[in-house]
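This report describes the interface between two protein chains.

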Amino acid sequence: MKRRSFLKATLATGAASVAVSAGLLTPSTVLASWNKAAFEAKDVNGALNGVFGTSNAETSADVKLTAPAIAENGAVTPVTVDASGMSGVESIVIIASSNPTPLVCEYKFQGAAQGFVSTRIRMGETQNVVGVVKAGGKLYKAEQEVRVTIGGCGG
Amino acid sequence: MSINIRTRGQVRGGVAEIKSLIRHPMESGARMDQSTGKPFPMKLITNVDVSVNGNKVVDAQWSANISTNPYMHVNVAANSGDEVTINLVDNTGETGSETFKLR
């Protein structure tokens, strides 16, 4: 009996702390326009489905992905996705395929913006970086392996 | 307190290269504090947008996979004298904004 009530109590507090750490208790208004499903997806296809509703992307030479072959510090890996040679680029997504939640960022473009993004990302281990471009309703991608010698997810 | 942004925009051949450096921890909420055994509270920039002369041209969403003190470079067709505004929001509700004229 004692053991049972002890278990109950620990389980309850455990669930509460999990909710806090997963960010479930942050005000929902703040995250209103944040694509939670896509950002919490655990694999590449889940992330693509969350953003575009499909994971069908064809490899294209018009998507130019620039990333170092070897990243000495995975916490600051410079990545550039250049699709400015394509017309009608609607959005660009960067994915780090083996990170716990692979989706890095999603950029939507309108009007005068060009299909170009350069940023610095965190990588926990050696893995493929994928740049996915949506242009004219279709998905195109470019992929490159980046070797990480020091992991970045620990901060 | 608002989020610190440093920006530079340079127009070359009708294209403005807008580069920003943002001071922010980008804390995922999963990293453990070794001394207390509890995770550091989540503090993450989630939304970023860029406007030129009041028209929104870039609308971005970020995750914890973006590095601490984020760097962002986007290109926009614009002319010198155009006014660029960058707005960002993190999950705690803190905001940052920077407006400047392209040279």
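Predicted model: local features only at pLDDT ≥ 70, side-chain atom pairs only at ≥ 80, totals over all residues.

## Charge pairing across the interface

Polar contacts, by contrast, are present: 24 residue pairs, both at pLDDT 80 or more, are in polar contact between chain A and chain B.

## Extent of the interface

The contact involves 35 residues of chain A and 35 residues of chain B. Together the two chains bury about 3000 Å², and carbon and sulfur atoms account for 48% of that area. On the side of chain A, the residues that lose the most area to chain B are Tyr107(A), Arg120(A) and Arg122(A), which together supply 22% of what that side buries.

## Composition of the chain A side

Two elements of chain A give two or more residues to the side that touches chain B, namely β6 (103-109) and β7 (113-121). The largest share comes from β7(A), with eight residues. By residue class, the side of chain A that touches chain B divides into 17 nonpolar, 14 polar and four charged residues.

## Strand pairing between the chains

Strand β7(A) also pairs with a strand of the partner chain: β7(A) and β5 (residues 71-77) of chain B run in the antiparallel sense over four bridges. Within this pairing, Thr119(A) has Met72(B) of β5(B) as its bridge partner.

Key:
Residues numbered from 1 in each chain as written. Chains lettered and ligands numbered in written order. Heavy atoms only, no water. Contact = heavy atoms within 4.5 Å. Buried area = accessible area lost by both parts, 1.4 Å probe. Polar contact = N/O pair within 3.5 Å; in protein donor to acceptor, adjacent residues only side chain to side chain. Nonpolar A, V, L, I, M, F, W, Y, C, P; charged D, E, K, R; others polar. Pairing = 2+ DSSP bridges.
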